[in-house]
Amino acid sequence: MRVLSALKTTAAVTLGATAAGIGYASLIERNMFTLREVTVPVLPPGSSSLRVLHLSDIHMRPGQRLKQAWLRELVALEPDFVVNTGDNLSHPRAVPAVVQALGDLLAVPGVFVFGSNDYFGPTLKNPAKYLTDKDHRVHGNPLPWQDLRAAFTERGWLDLTHTRRDIEVGGLTIAAAGVDDPHIQRDRYETIAGPANPAADLRLGVVHAPYTRVLDAFAADGYQLVMAGHTHGGQLCVPFYGAVVTNCDLDRSRARGASRWGADMALHVSGGIGTSPFAPLRFCCRPEATLLTLTAAPTGGRDADRGHELKQPTAVTTG
């Protein structure tokens, strides 16, 4: 009887802890919007710094007032440049909410590419598939990505989908290029292939899902920095272990934040701002935007190798 009673107590405690964890992940942490800051030394020696705001995976629905209010506050950061790496939508009527929430950020020079959840709505999925089948795909109903593209471009942001553009920002020349979402096999890197402009102050690659085939291609063409999203930072992370999956072939140690890709390229993966409405949970992985301060890389001598190290990001909770 004592053993049976102990088992019942253990089961009750386990169920209670599980329920508490789900409640925290769904009601609290997924609304704990966080600004992260990281310094990346990639600019030519003597360059002034460039402040780049990285937004990704907003997954907006019309009624998400907290998220919308937090996004509207980001313009106070006064970034020089904005990079949006896709998955802005989670509802067919979310375009006005995205545009209104971004507000005056759309007047800041910016670029974007789309992710799968700009093209297709979210659907109910078996989460175990992410652990056992990385290539599993289920598409929902089409979303009005054309309307979102029109709204972004009318305000001045540039669509980098399979496009190369030279952009002047803060006295610096950015040679930027992007591809469509590799997660749904829409990437066509051959349309932008070739060495990046060597005269540019920054050679920037932009993609939604950081699949290694695309990262390798950008690195081979001489890009200094690639920015991506998609992973949600793992979304449900294990304390002292981190992300369990990345939902692509990127290793889980790079699921969020800045790292090196090869000898000469930096990679920044955003942990993202939202979640699917069918998995509205975040655990040990707060929703985030990132302010990257791009600085001059060190020059020659013994300090040269230190240019390959990235300062660890710091988190500042806002909203």
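This is a predicted model: local features need pLDDT of at least 70, side-chain atom pairs count only at pLDDT 80 or more; totals for chains, interfaces and linings use all residues.
**Close-up views: salt bridges and a helix pair**

**View 1. Arginine 254 is partly exposed, because its relative accessibility is 21%.** Here, buried means under 20% relative accessible area, exposed over 50%, and partly exposed in between, with a 1.4 Å probe and protein chains only. Residues are numbered from 1 along each chain as its sequence is written, and side-chain values use heavy atoms, leaving out hydrogens and water. By the salt-bridge rule, the count comes to 6.

**View 2. Glutamate 288 pairs with arginine 36 in a salt bridge, the closest N and O atoms lying 2.6 Å apart.** This pair links distant parts of the chain, 252 residues apart: glutamate 288 sits in strand E12 (residues 288-296) and arginine 36 in strand E1 (residues 34-43). Strands (E, at least two residues) and helices (H or I, at least four) are DSSP runs, numbered from the N terminus. Both partners are buried.

**View 3. Glutamate 288 also meets arginine 256 in a salt bridge, at 3.7 Å from N to O.** Arginine 256 lies in the loop between strand E9 (225-228) and strand E10 (257-261), 32 residues from glutamate 288. Glutamate 288 counts as buried because its relative accessibility is 1%, whereas arginine 256, at 31%, counts as partly exposed. Through shared partners, salt bridges join Arg36, Arg256 and Glu288 into one network.

**View 4. Helix H3 (residues 95-102) packs with helix H6 (residues 145-155) at an angle of about 20 degrees, their axes 10 Å apart.** H3 is therefore roughly parallel to H6. Angles under 35 degrees count as roughly parallel, taken from 0 to 180 degrees between the N-to-C directions of lines fitted to C-alpha atoms over the stretch in contact. Who makes the contact? On H3 we find Val95, Val98, Val99 and Leu102, and on H6 Asp147, Leu148, Ala151 and Phe152, with contact meaning heavy atoms within 4.5 Å.

Definitions and conventions: A salt bridge is a side-chain nitrogen of Lys or Arg within 4 Å of a carboxyl oxygen of Asp or Glu. Angles under 35 degrees count as roughly parallel, over 145 as roughly antiparallel, 65 to 115 as roughly perpendicular and the rest as oblique.
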